[in-house]
Amino acid sequence: MAKKILIIEDDEFLRALIMRKLIKEGFEVIEADDGEEGIKKAKTEKLDLILLDLVLPKMDGFDVLERIKKDPISAKVPVIILTNLDQKDNVKKTDGLVVDYLIKANLDPVEITDRIKKALK
Amino acid sequence: MEEDKFKIAREDVEDLEIYIKEFSDFLPLAVCSVNPVGVIINVNKATEDLTNYISLELVGESVSTIFSDKKKIEEIEKEITEKGSVHGKELILITKDKKEIPMSVSASMRKDREGNYIGYFIGLTNITELKKFQEDLEKKVKERTKELEDSKKSLIKMLEDVKEAQENAEEEKNKTLAIITNFTDGLLVFDREGKLSLINYQAELFLGVKSQDVIDKSISELKDIPAFNSIMKIFKKDTKNVSKQELPLENGQILEGSTIPIIRKGQNIGNLVVLHNITREKAIETMKSDFVSLTAHQLRTPLSAIKWTLKLLLKGDFGKITKDQKEFIERMSRSTERMILLIGDLLNITKIEEGRYIFDMAPTDMETIVLSAISLYKVPIEKKKIEFTFKKPKKLPKVKMDVEKIKLAVQNLFDNAIKYTHSKGSLQVELSCGTNELEFKIKDSGMGIPKSQQERVFSKFFRGANVTKIVTEGTGLGLFITKNIIEAHGGKIWFESEENKGTTFYFTLPLSKNI
C-alpha cells in the first residue's frame, strides 16, 4: 500500500512541484496550504509522514508541530521540516520533535525522495 | 687815690675783658655779637672755625653776609625786638669757601642799662648731621611708604584678579553645570575612589533615582539599586580606554553606555559614564533586519521552486528540449543560483548586525574544513589549471569554532582566490600553529587589490574596481561576512596585496586552553 504523505506548505508552486515528484515516486500525497488546515488533516487522515514548512499563514510551523506532537493520533507520525531558516537557532526549537530538515534553497527532486524514503524506514 | 681807684677799676675791667674773651673762645658754640643795624661787632673762636673767616674779616660786616637767606635774618631780627629772643631757627650758613652748612640759630636781645636795644647775640649750631639723619629718615620713610603703597596696590589688584577669576570660574562652572543638567544624554561622574560625584537630570530619569540618594555612594553600594544593576556591567570592562556597551533597562529602554576615563595631567582622576538612549535606533534596526529577513525568506521559496523547475526542465521531465532551450535554461539556473546565494548573504548580514550569528561552538579540526573546501573547489581549480598546494604541520590542535561559519569563511576566501586568479596561476594554502592561535593563509597569484581600495576591502558591498569588469558575479558581501565570522571567534583577519601580482589573506583563530 502506498505511503501517505501530508505537505503543509503555503507556496503553491513549490507544493505542486513536490507533490508531482512524490506522486511520481509512488506516494499518496495530500496537501494543506496553512497551519490550521494542516493540523486538521493530520488528525483526520492516517498519515505516514508530514512535510512541514515553518513560515506559514494563520499559524506558524512551530505551533503546528507542537499541536501535532501533542495529539495522540498524530504524535507518532514522523515530521520533516521544510525551511528557509537555515540558521540553527530558529530550527533548534524543533529538536527532538522532527526526523529531518530540508533546506528549500538546496531542494532537489532526487534528494527529497531519498530523504523521505530514509525517514520512512 | 682817685687815680689809683681808677687804675684798679681799669685793671678789673681788663681782667674781666680777658676773662670774657677766654670764656667766649673756649665756648664750642659759635657766638656773634651783632649791633642793632645788623653789623657783626664780635665773633668768638668757634665762629671763626665754623665759617673759616677770621675775626677781622667778619667784624664790621653785615650778619646777612654769612647766611644765604637775607629775608630770614630780617625776620629773626624783627622777632628779637618783639620777643627778646628766638630759638632753633634753621638757616643756611655760607662759609668763606662757599660751603653751605645748615644751622640752628638762636639769638637773644642785648639792652643797655637804660633798657635800650643795643643789638643781639646770635648762637649757631651745626645741624648737618642731624639734617642728614633727618633727610635720610624722611627718604627712608618715603621709600617705605612708596613700597607699602605699591604692595597695597598690587595686593588690591591681586584681590581684584582673584575675584574676577573666581567670578569667571563660577560662571564657567554654572555654564558647565547647565550644560550637564540639560544634556540629553545621561551623565555620571565617578571619582578616583569609585564614588559617584555627579549625576545629571537625564541620568536620574533613565535610572529612576534621585541625585541625593545616590551621590557619594560607591559602585558596590549602588549595585543594590535595581536600576543601577542594569548598567553595572559597564564597569566590569577595562576602564583604561573608552568602552561602549548596550544596556537594556527593565522598562524596555535600551541605553548605550560609554565609560570614559577622565585624565588630568596624565593621571586618571575618575570615570565619566555617558548613557545614550538608543531605544529608537534599536527598534529601527530590528525593524530593518526583520524586513530584510522576512523579504529574503519570502524570496527564497519561489526561487527554490524556480530552481527545481529548471532542474526538471533540464532533466527532460517535461519532454525533450532543444540545444538552444537548454543553453538558456542553464543560464536561468545560474542566475537563480546567484540570487539564492545573494539572499543567503543578505540573511547572514542581517544576523551579523543583529549580533546573533555565532553559536554552536565546538572543538573542531581545522584541517577537515580546509580539505572539504579543497574538494568543493577541485573542479574549478582543475578547470583553470591552477597550480595548487596545501601545507600544514603534522599535528594541529583542535579549535573551538562554529563549524558552519568557519566553513563559510574559508569557502569565501577560496572562492575569491580562485575567481580572481588567471588560469595557470598558483594558489597556496597553509595552516600553521603558534602558542595561542592557529593561522590560516591563502596566497594567490591573482589580479590583486588596487592600493587605493585596500582600506575598504572588508566593507559591505565592496568589489575591487579592477575585477568588476572581468568577473561580473559577486555580491561584495563575502569578505564582510568572513571578517565578522573570524572576529566573532576572537580571531584576526588581514591581507597583503599587490595589483597584478596577487593577494594573500590570513586569519587566526585563538586556541582555547580547555578543549
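How many bridges join strand β1 of chain B to β2(B)? I looked this up and found three, joining β1(B) (residues 30-34) to a strand that runs antiparallel to it; strands here are DSSP runs of E of at least two residues, helices are runs of H or I of at least four, both numbered from the N terminus.

I note that this is a predicted model, in which local features need pLDDT of at least 70 and side-chain atom pairs count only at pLDDT 80 or more, while totals for chains, interfaces and linings use all residues. Residues are numbered from 1 along each chain as its sequence is written, and chains are lettered from A, ligands numbered from 1, in the order in which they are written.

Chain B, sheet. I found B:Val43 in β2(B) as the bridge partner of B:Cys32. The open sheet has five strands in the order β2-β1-β5-β4-β3, with antiparallel pairing (two strands pair if DSSP finds at least two bridges between them). I marked β2 (40-43) and β3 (85-94) of chain B as the edge strands, each pairing on one side only.

Chain A, helices. I looked up α2(A) (residues 35-44) and α3(A) (residues 61-70), which pack at about 15 degrees with their axes 10 Å apart; axes are lines fitted to C-alpha atoms, for helices over the stretch in contact, and angles run from 0 to 180 degrees between N-to-C directions. The two helices are therefore roughly parallel, the term for angles under 35 degrees. A:Gly35, A:Gly38, A:Ile39 and A:Ala42 meet A:Asp63, A:Val64, A:Arg67 and A:Ile68, contact requiring C-beta atoms, placed from the backbone, within 7 Å.

Key
Parallel < 35°, antiparallel > 145°, perpendicular 65-115°, else oblique. Contact = placed C-beta atoms within 7 Å.
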